[in-house]
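Trainee: I would like to learn how to read the aromatic rings in a model like this one. Could we start with the terms and then turn to the case itself?

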Amino acid sequence: MALKALLLEAGNRSPGVVFEPSSGAFVLEGRSIPENALELYAPVLNWTREYVRNPAEHTHLEFKLSYFNSSSTEHLLELFNLLKTVEASGKKFSCRWYREADDEDMEQIAQDFMALVGMKFEMFVVQPTASEGDEDDDL
Amino acid sequence: MSRHDLLNNCKFLYVKTDIIKFASYICSSIPPMRSMSFSRSDKTRLLQGLDAVTGDERVVLSYKGAVTEDLISQILHYIEGRFTQFPTTARVRRKIVSVLVEAMQNIFRHGPKVALAEKAESEVTVYRCDDDYLVVTGNRVESAKAFDLKARIDRINAMSKEELNASYRHILETKAKTSPNGSGVGIIDIARRTGNQIEFSMEKVEDNFYFCSMQIKIGA
């Protein structure tokens, strides 16, 4: 039975998720600051475990989170580690990691993830949003 | 201004906040500077626009009450509105937001899990001192956890930038999956983002509880 796409709308504390299993096009965006990150990520990771059993030829993740808290970090890392396992069956996994031009903290975290997962991401630097101070920037 | 002066200045402010809070509380009929969606009660009150009340522009945000998950979103929404009133770079704003999230979630995690509102009462204050910001949190913590927290902060304060990065990676690599509510990189995350030492103090308030305070400086 074909796996259905995983679609989660972004909330105040949770990211938007669009994972398309047939094309392998994955997007994470918004921000992730739940206190109980396990509750948020368990369904995402369970879906991904199912997906990597029969993945698309090329899985590509557009990683557009503007900010995530430390309790989200380990679950996001697990997501990367799971997606990396598609390589064992000769499939491809790539990631484009977005960060704002002056966000050196996000650059550091991307470096940590690359070291921990054992792969290179394409770093995509975006200019900070023009609507400076608009609280709806990242929603 | 040296870091020492800054902290002294802000410690003075910290002592003063109770008075400011009281002044603001009794003046709460003054319309807020910005429309808010806070539900106000005696236990939970966010005191807004303190500079309008006290003339003290250094207090950006002051909250006293229970720290709940919902409050974190409300505080972020509030402070993002306040940022429009100061010349603050996006870089510093991001750091303040991440420090607030980690510091408040640290309270959420280590505070007493009791229903008594009095015991859950915590404080979050953000000061602006010239171009620097100071995030100050205070909450009751059980004795054993308070000493653990102090030991952890002491260890983190003693680490170089490289050691912090190595420790961050090590914890993520080894401790992931072992704790349901985060792997304990929150305070390291704060230290990495600010590049400053975390000031920590603890004061015994009753038999098994300490009032723990963290002061975190975010430089421009």
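Mentor: Buried means under 20% relative accessible area, exposed means over 50%, and partly exposed lies in between, with a 1.4 Å probe and protein chains only. This is a predicted model, in which local features need pLDDT of at least 70, side-chain atom pairs count only at pLDDT 80 or more, and totals for chains, interfaces and linings use all residues. Residues are numbered from 1 along each chain as its sequence is written, chains are lettered from A in the order in which they are written, and side-chain values use heavy atoms, with hydrogens and water left out.

Trainee: Is F68(A) buried or exposed?

Mentor: F68(A) is buried, at a relative accessible area of 3%, and W97(A) is buried as well, at 0%.

Trainee: How many aromatic pairs does the structure hold?

Mentor: Rings of Phe, Tyr and Trp (its six-membered ring) pair if their centres lie within 6.5 Å, and planes under 30 degrees apart count as stacked, over 60 as edge-to-face and the rest as tilted. Over all chains there are 18 aromatic pairs. In one of them, the ring centres of F68(A) and W97(A) are 6.4 Å apart and the planes stand at 65°, so this pair is edge-to-face.

Trainee: Why is the pair of F80(A) and W97(A) stacked?

Mentor: The planes of F80(A) and W97(A) are at 25° and the centres 6.0 Å apart, so the pair counts as stacked. One aromatic cluster includes F68(A), F80(A) and W97(A), with F63(A), F93(A), F113(A) and F121(A) also among its members.
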